[in-house]
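Let's take a walk through this one, starting with its pockets and then moving on to its charged pairs. Have the model open and turn it as you read.

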Amino acid sequence: MDPNKNITFELEKTVHFIRSKTLEVFRDNNFPVSKEQWLILERIAADEGSNQKDIAKDTFKDPAALTRMLDLLVNKGFVQRKASKSDRRTFDIYLTVEGNRLVNRMNPIIEEQNTIIETSLTSEDKSSLIAILQRLQQPLL
């Protein structure tokens, strides 16, 4: 089979390209977090006070892996855990002042990278691509 006509191969190649470019942006800007940690910070910033279970689900992390990542982010001073008011067995997660500063510094750079990646797409292309990718995910869920 011609690998250039294989959807899985093309998807993998695209993901590899985007990961490489993203890592380059992180290195060039001396971001103090990994791409994986950034995804967690971005999710927390979008909905501060979320519990670990919801963050794990939304970022496709198993709860134990998320706990380890949150430990690292707490140690770096970017997030804090607070006892949940609704369930004493869980913690709600918040950005610290430093975490907010980092997200505010990183957001425009990450957005610029996303814009660069999307420059070859029209808005119709982007909408179609997202719809197609979501359809491809359905049998896998």
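Start with the open space: the largest pocket has a volume of about 1700 Å³. A pocket here is found on a 1 Å grid over the protein atoms alone, as an open set of points where a 1.4 Å probe fits, with protein on both sides within 12 Å along at least five of seven lines; lining residues have an atom within 4 Å of a point. The volume is the space filled by probe spheres set on the points, which are joined across faces, edges and corners. Rolling a probe the size of a water molecule over the atoms shows where empty space is left.

Before going further, keep in mind that this is a predicted model: local features need pLDDT of at least 70 and side-chain atom pairs count only at pLDDT 80 or more, while totals for chains, interfaces and linings use all residues. Residues are numbered from 1 along each chain as its sequence is written, and side-chain values use heavy atoms, with hydrogens and water left out.

So what lines the largest pocket? There are 37 lining residues, and T14, V15, I18, L133 and Q137 lie nearest the centre. Two or more lining residues come from each of α1, α2 (35-46), α5 (97-118) and α6 (123-137); helices are DSSP runs (H or I, at least four residues) numbered from the N terminus. Helix α1 gives the largest share, 11 residues. By class, the lining has 17 nonpolar residues (Ala, Val, Leu, Ile, Met, Phe, Trp, Tyr, Cys and Pro), 10 charged ones (Asp, Glu, Lys and Arg) and 10 polar ones (the others, Gly among them).

Now for the charges. Side chains of opposite charge can pair when their charged atoms come close. The structure holds eight salt bridges, each a side-chain nitrogen of Lys or Arg within 4 Å of a carboxyl oxygen of Asp or Glu.

Back in helix α1 (residues 7-28), K13 and E10 sit three residues apart, about one turn of the helix, and their side chains form a salt bridge at 3.4 Å, N to O. K13 is partly exposed at 41% relative accessibility, and so is E10 at 27% (buried is under 20% relative accessible area, exposed over 50%, partly exposed in between, with a 1.4 Å probe and protein chains only).

Another salt bridge joins K57 and D58 (4.0 Å, N to O). K57 is exposed at 62%, whereas D58 is partly exposed at 37%. Both belong to a salt-bridge network that also takes in R43.

Finally, look at R89 and D87, whose closest N and O atoms are 3.0 Å apart in a salt bridge. R89 is exposed at 74%, while D87 is partly exposed at 22%.
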